[in-house]
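Here is a short briefing for a first look. Keep the sequence and the 3D view open while reading.

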Amino acid sequence: MLKRKSDIYRLLKGVSYSWIRFVLTIGIGIFQTPLLFKYLNKEEISFWYIFYALGAFLQMADLGLVQTISRLIAYIDTTKDDRFDNDLISKLAYYSVKQIYATSLISFSIILVLIGTVSLIIYVHIYDLSKHSINLEISFLIYIIGVIFSLISNIPAAILIGYRDVGIDSGIRSISQIIYFILLFFLLPHYQSIIFVTSCFALQNFLQFYSIHKFLCKKYKHQVDGKSLFKLDNIKIDIANQIYKQSLPLALTQLGAWLISQGNIFVASIIVGANAISDYAINQQIFLYITSISLVINQSLGPFIARYHSKNEKEAIKLLFNSTMILCLSIVSILIIIEINCAPNIMSLWVGSDHFLGNSFSIVFGIITFLEVQHSIAGNFVWNTGSWPFNKWTLIAGLLTVGLGYFLGKYNGLFGIALATLISRLITLNWYVMYYTLKRLNVLFSSYIKQILLPILLITYATYYMTNVIYQLINENMTDIVNILLIAILSFIVFVSLTGILFRKSIQFIYNTIVLPKIEHKI
C-alpha cells in the first residue's frame, strides 16, 4: 500500500521516467541504425548484430536477482517485526543492506565475467577470426565489458527500487543513452570503426553503473557506506547461496528466451556467413519495434490484473483480458499493415532500398509479430494471477528455433531461418500460452476465436485490401515519405472505424479502467 504522498509521487515519477526511457530506447535505436549502416562496412555491421546476440547471452545471469533484492530491501525498510511471508526474505532480512549490496554486486560480477568468458570462447571458436580484421576481436571484448557494466547497474538500481526511488534508475539510464547517441552522431563520421562504436557503448554503461552506484551511496550513506563497502566482512556467502538457490530454476527459461530471441541471428551467421546477416537483422528489427510499441499498454496492466485477482473478480479479469487483447492486436495489426505496404519505402528512407529482403520476409515477420503480441498479452495475465507454467515450453521453443533454423536454413537460406522461427513458436508458445490462459480465465476457446481473433483478422484483411485499392487510385509517383504517410493515414482511418463499430464496449472499458483514473488523479 502506498500510504505516504511521497511514495505516490515517487511511483508516478518512476513510471514517467520509465516511459521516457522506453521512447528514448526506440528512438535512439531508429536513428542509430542508419548511422551504423552509413559509416561501418558490411562486415562490421554484421558482426555488430552478432555482438548483440552473444552479448544477450550474459542476461541469463539475471535470474530474477533484481526483483529479489528490491523486494528484500523493501521488507527491511518497512517491516518492523520478525514475521515475513517469504522464506527467502526471512533468511536474509537480518543481514545489513551493505552486506546484501556488496555480496550481490561481487557475486553477480563474478558470474557475468564467467559467462562473458564463455561467450568470448564461443565467438572465437565459431567465427574464424583469422579471416577477419583483428578489430572485430577487440571490439567484441569491449562490447562484453559494456554489457557487464549494464547488467551490474541493475544491482544498485534494485536497492533504490527497494527504497521506493523508482525513477532514478530510468533517469540515469536515459541520460547515458543520450550521451551515447551524441557521441555516435558527432564523432562516428570521423572515427568510422566498430571499435569506436563498442567503446561508446562500454562508456555509456560504465557511466550508468557509476552514477547509479554513487547516487545510492550518497543518498543512503548510513545504509550503504561506499568507502567500506567491499571489506571482507561485508561479503557473505550465505546471501549469494540463498539468492541464487531460489533463482537457479529460471536458468532454463533464460536459456530458452535467449535461443528464441537471438537463435535465428546466431544460426544465420553460421549458415550463410557472418557477413550476410545484417540485412536479415535490419528487416527483423522493424518488427521488434512494432512488438514493443504494441505491448506498451499490456505492460501497464500488471497492477490492475493483480488487484482484480486478489479480490477474486473473475469477470472483471475476463473483460480486461478481452479489452486488452482487442486493443493491442488492433495496434499491432495497423503497424503490420503499414509496414507490409510500405516496407520498400521504409527501408529506402532508413538504411537504403538495397537492404530490403522482399515482401515474403515481411509477411513471415508480420505473422510472427502478431502471434508474439497475442501470446505475450496472455502470458502477462497468467503471470499476474500467480502462475507461470511455461518454463519447459520456452526452452523447447528456443531449441526448435535453432535446430529447425539450421535444417531449413541449409536448404532455403535466410528465408528458411525466418520460416523456422515462425514454425518453432507456432507449435510451442503461440498456441500453448493461449490455451493455458483461456483455460485459467475460464474463457471458451471458440468464444475467443469468434468474438476477438476472427473479427480482428477480418478487419486487418479488409483494411489491407481497402487501403491498397484507395492507394492505387490516387498514387502518382509520390516520394517515399509521402507514400508512408498516406498508407499510415488510410490504414488508421479504415482500421479504427471498423474496430470502433465492432469493439466499442471493450475499448470503452480500457479507457474507464486505465486512462480515466489517471486523469481524475491529476485533476
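Helices here are DSSP runs of at least four residues, numbered from the N terminus. With that in mind, helix H19, residues 480-502, gives the largest share of a nonpolar surface patch: 7 residues. The model is predicted. Helix H15, residues 314-350, comes up in several of the topics below.

**Nonpolar surface patch**
- The patch covers about 730 Å².
- Its members are Leu349, Ile481, Val482, Leu485, Ile489, Phe492, Ile493 and Val496.
- Leu349 belongs to helix H15.
- Leu349 has a relative accessible area of 48%, so this residue is partly exposed.
- Patch residues need over 30% relative accessible area, and Leu349 has 48%.

**Second largest pocket**
- The volume of the second largest pocket is about 470 Å³.
- The lining of this pocket has 16 residues, and the closest to the pocket centre are Ile30, Ile286, Glu339, Ile346 and Ile484.
- Four helices each supply at least two lining residues: H1 (5-39), H12 (278-294), H15 and H19.
- H15 provides the largest share of the lining, 6 residues.

- Ser333 sits in H15.
- Is Ser333 buried or exposed? Ser333 is buried, because its relative accessibility is 2% and the cut-off for buried is under 20%.
- Beyond its neighbours within four places in sequence, Ser333 touches Phe370, Ile456, Thr460 and Phe495.
- Ile331 is also part of H15.
- Ile331 has 25% relative accessibility, so this residue counts as partly exposed.
- Setting aside neighbours within four places in sequence, Ile331 is in contact with Ser294 and Ile297.
- Ile331 and Leu295 are 36 residues apart in sequence, and their C-alpha atoms are 8.9 Å apart in space.

- Ser46 lies in helix H2, which spans residues 42-55.
- Ser46 counts as buried because its relative accessibility is 0%.
- Which residues does Ser46 contact, leaving aside its neighbours within four places in sequence? They are Ala274, Asn275, Ala276, Ile277 and Ser278.
- Ser46 and Ala281 are 235 residues apart along the chain, with 8.3 Å between their C-alpha atoms.

Note on methods. Residues numbered from 1 in each chain as written. Predicted model: local features only at pLDDT ≥ 70, side-chain atom pairs only at ≥ 80, totals over all residues. Heavy atoms only, no water. Patch = residues over 30% accessible without salt bridge, like charges linked within 9 Å, V, L, I, M, F, W, Y side chains within 5 Å. Areas by Shrake-Rupley, 256 points an atom, 1.4 Å probe, with all protein chains shown as cover. Salt bridge = Lys/Arg side-chain N within 4 Å of Asp/Glu carboxyl O. Buried < 20%, exposed > 50% of the residue type's maximum accessible area, 1.4 Å probe, protein only. Contact = heavy atoms within 4.5 Å. 1 Å grid on protein atoms, 1.4 Å probe; cavity = no way out; pocket = protein on both sides within 12 Å on 5 of 7 lines; lining within 4 Å. Points joined across faces, edges and corners; volume = space filled by probe spheres on them.
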